[in-house]
Amino acid sequence: MVAAGAHAAFLQPGKIVAGSDVTFAPYEYMKNDKPAGFDIEMLSGIAHSMGRQLVTEDTRFENLIPGLRGKKFDVTNSAMYITAARLKVVDMIPYLKTGQSIVVLASSSFKPKTAEDLCGHRASVQAGTSFLQNLQHFSDDYCVKHNLKPIAISQFSTDPQATQALLSHAADAQITDVAVALSAVDKLKGRVVISSDKLLYPQLLGIGVRKDDPEVKQAITEGLHKFSQTPQYQALLAKYKFTAPTANDIKSLMPTAQ
C-alpha cells in the first residue's frame with residue numbers, strides 16, 4: 001500500500017519541509033539545539049503517518065507566507081491563525097482552536113481584563129500576527145471612535161522580544177496566544193500574570209499550504225486525519241493540554257477569503 005502523499009508535489013523526496021518561527025513556546029522552540037514543541041511534534045506525527053520525515057526551516061513569522069509562496073518550504077507550521085486575509089493568498093488546514101490573552105507584570109496595578117481596558121495604554125505584540133491586526137483595528141474602531149486614547153502598539157520580530165518589552169516597562173501589557181502566555185507565566189516564575197478573564201478573538205490555527213499545490217494540501221489533510229486516529233495523537237494533545245477543534249468549531253470559526 002502506498003503511503004498518503006507519497007507522490008504529491010513536495011520539495012524533497014520523503015520529506016515535508018516546513019517553515020516555522022521557532023521562538024514561540026510551547027508551539028515551537030529550540031531545545032538542545034533542535035526544534036521542539038507542539039507544532040513540531042504534531043507535524044512530525046503527520047509526516048510519519050505519510051511515510052515522510054519533517055524538516056523544519058526556522059524563519060521569522062512575517063516571512064512565513066512569502067517563503068511558502070516562494071517555494072522555500074512545503075507548508076507553514078507555526079501556530080498561524082486562520083484569517084480571511086491569509087486565505088486570499090494561501091490555503092490553510094485547521095488543526096487547533098485557540099485565542100489570545102493579556103499578559104501584565106505581576107507587580108503592576110494595571111490589570112486589564114478586556115481589550116477595552118487597553119485604550120490609552122502601551123501594548124507589545126509580535127509582528128505579522130493576526131492579533132496585531134486585531135488590536136490595531138480595535139484601537140481604531142473602538143478606542144478612537146469612543147473618544148478614548150488609542151492603544152500605543154509596539155511590534156517586535158519575536159514573541160520573547162514583546163515579553164522583554166513588558167519586563168523592561170516599555171509596555172503596560174502584552175497580547176499573545178493563550179498557550180504562549182501560560183508558558184511565559186510558568187517560565188518567568190510569577191513575574192508576569194494573565195489578567196484577561198476570557199479568550200480574546202477565538203480562532204483556529206492552521207497549517208499553511210500553497211494554493212497551486214492542491215496535492216500537498218490533500219496529502220497533509222489525509223495525513224492529519226490518519227494521525228488523529230492514533231494513541232500518539234491523543235497523548236500529544238494531553239501532553240500540552242490542548243483540545244482538537246470540533247466540526248462545529250471549524251464550521252463556526254473558519255473564515256472565508258474576502
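Which residues lie nearest the centre of the largest pocket? In this predicted model, they are P26, A179, L182, Y240 and F242, which belong to a lining of 19 residues.

## The largest pocket

Rolling a probe the size of a water molecule over the atoms shows where empty space is left.

Three elements, β6 (90–105), α6 (178–187) and α8 (231–240), each contribute at least two residues to the lining of this pocket. Of the elements, α6 gives the most, with six residues. By residue class, the lining of the largest pocket consists of eleven nonpolar, three polar and five charged residues.

## The second largest pocket

The second largest pocket has a volume of about 210 Å³. Its lining is made up of 13 residues, and D159, P160, T163, A184 and K187 are the closest to its centre.

Helices α5 (159–167) and α6 each provide at least two of the lining residues of the second largest pocket. The largest share, five residues, comes from α5. Seven residues of this lining are nonpolar, four are polar and two are charged.

## The nonpolar cores

The largest nonpolar core contains 51 residues, and Y27, F38, M42, V75 and I220 have the most contacts inside it. Helix α1 (residues 38–49) supplies the largest share of this core, namely six residues. Apart from this core lies another, of twelve residues, which include L68, F73, L87 and M92.

What does I220 contact once its neighbours within four places in sequence are left aside? The partners of I220 are F10, I16, I46, M50, V75, I93 and I207. One of these partners, V75, is also listed among the residues with the most contacts inside the largest core.

## Residue I65

Residue I65 is part of helix α2, which spans residues 64–69. Is I65 buried or exposed? The relative accessible area of I65 is 14%. Buried means under 20% relative accessible area, and I65 is therefore classed as buried.

When residues up to four places away in sequence are not counted, I65 touches M80, R86, V89 and V90.

How values were computed:
Residues are numbered from 1 along each chain as its sequence is written. This is a predicted model: local features need pLDDT of at least 70, side-chain atom pairs count only at pLDDT 80 or more; totals for chains, interfaces and linings use all residues. Side-chain values use heavy atoms; hydrogens and water are left out. A nonpolar core is a set of buried Ala, Val, Leu, Ile, Met, Phe, Trp, Tyr and Cys residues joined through side-chain atoms within 4.5 Å. Buried means under 20% relative accessible area, exposed over 50%, partly exposed in between (1.4 Å probe, protein chains only). Helices (H or I, at least four residues) and strands (E, at least two) are DSSP runs, numbered from the N terminus. Contact means heavy atoms within 4.5 Å. On a 1 Å grid over the protein atoms alone, a cavity is a set of points where a 1.4 Å probe fits but cannot get out, and a pocket is an open set with protein on both sides within 12 Å along at least five of seven lines; lining residues have an atom within 4 Å of a point. Ala, Val, Leu, Ile, Met, Phe, Trp, Tyr, Cys and Pro count as nonpolar, Asp, Glu, Lys and Arg as charged, and the others, Gly among them, as polar. Grid points are joined across faces, edges and corners, and a volume is the space filled by probe spheres set on the points.
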